[in-house]
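Here is a short briefing to read alongside the coordinates.

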Amino acid sequence: MEHLIQMEQICMYFGGVHAVENMNLHLAEKEILGIIGPNGSGKSTLINVLTGIYAPTSGHVLFGGEDITGRQSYEIAAKGISRTFQNLRIFRAMTVCENVMTGRHCKVRAKFVDILLRTAKYRSQEREALKKADELLEFVGLSHMKNEFAGSMSYGQQKRLEVARALASEPKVCLFDEPAAGMNSAEANEMMDLIRAVQKDRGLAIILIEHNMEAMMNTAERIIVMDAGHKAAEGTPKEIQRNQKVIQIYLGEEEPCC
Amino acid sequence: MDWYYFCRQLINGLSVGSMYAMIAVGYSMVYSILYLINFAHGDLYIFGTFLALALFNFGLPLPAAMILGAILCGLIGVGIERVVYRPVRTANRIVPMVGALGAAMILRTIAQVNWGASQIVYPSLMKNRVIKLGADFQINSQNIVILAIGIGCVAGFTFLINCTKIGKATKCVMQDTHTSSLMGIPINFIIPMVYLFGGFLGTIGGVLMSSYYSVINIEMGLWGTCKAWAASQLGGVGSFYGAFLGGIILGVTESLAAAYLDSAYKDAIGYIIIVVILLVKPEGLFGKKKAVKV
Amino acid sequence: MKEKYRKITGSQYKKYWVFVLVLCSLAFPQVFQSGLIIRIGVTTLVYALVSMGNMVIVGYCGLLQCGHGAFYGLGAYVSAILATALDCPFWICFLAAIVGSAVFGFLISLPCLRVQVDFLSLMTIAFAQIFTTVVTNWKSVTGGPGGIAAIPAPQLFGYKFSSQTSYYYLVLVIMIIVYWALHNLMQSPIGRAMQAVRDDEMGARSMGINANHFKILAFVMGSVVAGIAGSLMAHYLRYIGPSSFTLDVSLLFMQMIILGGLGSLSGAVAGAAFFTIIPEVIRPLAVYRMGLGGAIMLIVVLLRPQGLMGSKAFAGTGGILKDFKWFRKRRYNGK
């Protein structure tokens with residue numbers, strides 16, 4: 001079967017540090033794949049390899065059958081993989097609406113001359129982008145803040161803005177890197193509802209990294225557990241909860257009592 | 001190739017470089033805390049040099065005038081920090097640049113009103129003796145003394161920053177201002193201290209340089225800022241040894257360029273070297289690459 | 001009162017403000033018929049052009065370009081050399097200045113892609129200094145420290161722009177066209193991409209923006225505008241020399257855009273007007289002029305850290321007013 005994303009034998013070394021070692025990963029269409037693991041187990045590095053921020057030391061990344069290993073991140077984004085960041089990377093001095101419109105950058109078809117002379121083609125495209133931005137802000141619940149500066153919003157709102165911005169390019173896959181980090185459980189649940197809605201309403205495939213176990217178990221359809229750069233386990237949330245190895249990683253080995 | 005000529009130029013370059021270095025160290029410290037391109041630095045140290053001259057004319061011996069002038073200049077630096085930089089510290093980081101230029105213009109005007117706009121002859125710090133080494137190889141004692149003062153300043157500075165409480169606090173502030181303030185380090189005390197040191201060392205460098213060339217001119221402020229900036233970036237941000245070595249490299253290169261190539265292109269060659277070094281090592285010679293967390 | 005003030009300057013009245021400003025600038029040479037004042041007007045417009053170019057690079061793309069005077073000077077020198085040595089007509093000189101500064105901007109932007117923000121500022125200063133040194137010493141082409149004199153007044157479609165007023169209108173028309181073009185570009189996906197690169201380069205790249213492409217584009221656009229301004233200035237003053245393009249001048253452009261307000265083209269114009277008009281007003285003070293100018297500059301920045309027209313996003317916690325408020329509050333509590 002053809003998978004949407006396929007990562008084969010990915011190794012990522014930083015000098016002597018083996019951040020990711022021999023990882024295999026596949027993602028089907030409209031699937032929510034969760035990646036969990038302790039801090040420093042290589043989850044974010046894997047995502048960064050996938051989106052082209054790092055070029056892997058060895059291995060291949062296939063997207064829709066096409067080899068995208070080591071491509072620049074803007075090329076990969078244009079192909080239809082968009083992402084959010086663990087540490088917010090919003091455009092702070094731009095308005096919320098502009099942020100979302102910037103997310104649509106790879107859909108821009110107007111040429112320099114079109115823009116310079118404000119041709120009909122460019123103007124209709126701008127209207128379309130504005131409409132799309134309105135719709136997305138409505139979707140994430142930020143439409144009342146449309147003209148605020150992104151930097152002046154609260155942390156949770158900025159996280160939501162990143163989701164809207166990632167969706168603006170109408171991607172096929174969206175990667176969420178700890179979208180609920182630093183949120184209380186109510187906010188985290190709202191965020192997870194949002195992510196499920198992204199999959200259901202928009203038919204996107206999703207890779208989700210999260211530390212919040214409860215949220216993860218309720219959201220993901222399949223979970224990969226990473227430990228020290230390796231894949232420790234893979235399966236449905238139910239299987240993972242019962243997996244002895246996973247329990248070891250998270251709770252430590254039972255030491256024989258003296 | 002004439003080795004004696006080369007050695008003389010090298011020693012000349014080393015002493016010019018150590019004067020650049022003293023001006024650059026203060027600049028580099030301020031830069032690595034606030035990431036502020038401090039355009040007032042050059043005018044500040046020139047002002048301090050004028051103050052030292054005024055004190056000398058008042059009757060003090062020049063070394064004493066130099067130290068007193070340096071302290072006064074450091075205090076002015078503290079004042080500028082309080083009035084000009086602190087209110088806009090949280091604004092976009094190039095905004096304080098305008099404030100710095102404004103302060104520089106005020107300092108320049110005060111200097112101009114008091115001491116005139118033209119070049120002034122500067123007294124020499126010590127009598128120059130020619131030390132003969134061999135038949136036709138000689139060294140000026142002035143060069144040696146300047147080099148020694150430069151190294152002494154940096155040694156003292158190293159002691160201060162590594163072995164005193166304030167120095168250690170300064171190191172923390174240089175790494176992360178916000179976290180240090182949370183750890184109870186009084187950043188509003190540390191940052192003015194850094195300005196004080198910057199003004200102090202800059203003025204000593206300025207007095208040495210003016211007495212070496214025996215002229216001073218208020219228009220030299222911007223030139224001084226550029227040299228300090230170049231030296232500190234050349235060495236790498238956040239390491240004041242880097243700034244020191246950057247200054248020395250700049251001085252040596254310029255002296256050798258003036259000796260062997262066209263002296264009209266002296267400054268340009270210095271800048272070309274900087275461009276080349278930055279292209280090869282974009283983070284400066286001794287700077288560390290900042291790890292970006294994604 | 002404050003509410004009313006906001007309403008008048010609000011965005012729905014923006015069109016009327018632009019209209020009023022254009023009308024004022026059209027009427028300007030008719031009202032003030034003194035040569036000196038029109039001269040200030042022309043200088044303001046030319047400086048507004050240069051700082052708009054610098055604004056694209058610094059204010060929109062976030063590249064700390066501190067050597068914009070070199071682009072301005074290059075345009076002026078290309079235009080002047082063609083006009084005097086080769087007797088080219090004005091429009092050829094003008095186009096050559098545009099092409100020359102575009103090529104120069106492109107070449108300089110390439111090494112600048114390798115370095116981070118502050119190293120870039122040093123690098124651009126280095127380029128500006130190299131430019132000044134070359135211009136001063138390459139006597140056979142640039143005339144050395146003496147510069148180039150006797151540049152002819154421009155002639156377009158048989159009309160000679162030799163009077164102050166006609167030249168003012170020529171520059172004004174070009175300024176408005178450039179402003180309009182840059183305004184369109186900066187409101188568009190291109191401008192948004194540049195601002196995204198300024199705010200967060202990695203975030204921008206992950207949104208499908210080729211950051212290097214937009215950095216080069218910003219440099220080329222900025223240098224073209226500066227080249228236009230340089231050409232206009234050369235033909236206006238009829239004389240150019242290396243002293244008009246020193247580092248001080250580059251820093252002056254930097255001050256114009258910071259004081260005008262980063263990230264706004266109208267700020268560039270306001271900054272240019274500020275830095276051309278204020279020195280003329282306080283000229284009678286002679287020696288104290290520079291100090292007073294510095295003090296005025298300081299006060300404006302402390303009161304409005306985001307600049308005259310800049311957006312609040314750059315203001316941080318906001319200048320000296322906060323200190324005053326704190327002081328007043330303390331006094332009030334003390335009583």
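This is a predicted model: local features need pLDDT of at least 70, side-chain atom pairs count only at pLDDT 80 or more; totals for chains, interfaces and linings use all residues.

- Six strands of chain A make an open sheet with mixed pairing, in the order β6-β7-β8-β3-β9-β10.
- At the edges are β6 (81–83) and β10 (230–235) of chain A, each of which pairs on one side only.
- From one strand to the next, the twist averages 20°.
- Strand β9 (residues 222–227) of chain A joins β10(A) through five bridges in the antiparallel sense, and A:Met226 sits opposite A:Lys231 in β10(A).

**Helices on the sheet**
- Helix α6 (residues 155–167) of chain A packs on the sheet, where it touches β6 and β7 (173–177) of chain A. The direction of α6 makes about 160° with that of β7(A).
- Helix α7 (residues 185–202) of chain A lies across β3 (32–36), β7 and β8 (205–209) of chain A. The angle between α7 and β8(A) is about 155°.

**Helix α1 of chain A**
- Eight of the eight residues of helix α1 (residues 43–50) of chain A are buried, including A:Lys43, A:Ser44 and A:Asn48.
- Just after α1(A), A:Gly52 adopts a positive phi of about 85°.

**Helix α4 of chain B**
- At 1.5 Å a residue, the 20 residues of helix α4 (residues 96–115) of chain B should span 28 Å, which agrees with the 28 Å between its end C-alpha atoms.
- Of the 20 residues in α4(B), 14 are buried, so the helix is mostly covered.

Methods: Residues are numbered from 1 along each chain as its sequence is written. Chains are lettered from A and ligands numbered from 1 in the order in which they are written. Side-chain values use heavy atoms; hydrogens and water are left out. Helices (H or I, at least four residues) and strands (E, at least two) are DSSP runs, numbered from the N terminus. The expected span of a helix is 1.5 Å times one less than its number of residues. Buried means under 20% relative accessible area, exposed over 50%, partly exposed in between (1.4 Å probe, protein chains only). Two strands pair if DSSP finds at least two bridges between them. Axes are lines fitted to C-alpha atoms, for helices over the stretch in contact, and angles run from 0 to 180 degrees between N-to-C directions. Contact means heavy atoms within 4.5 Å.
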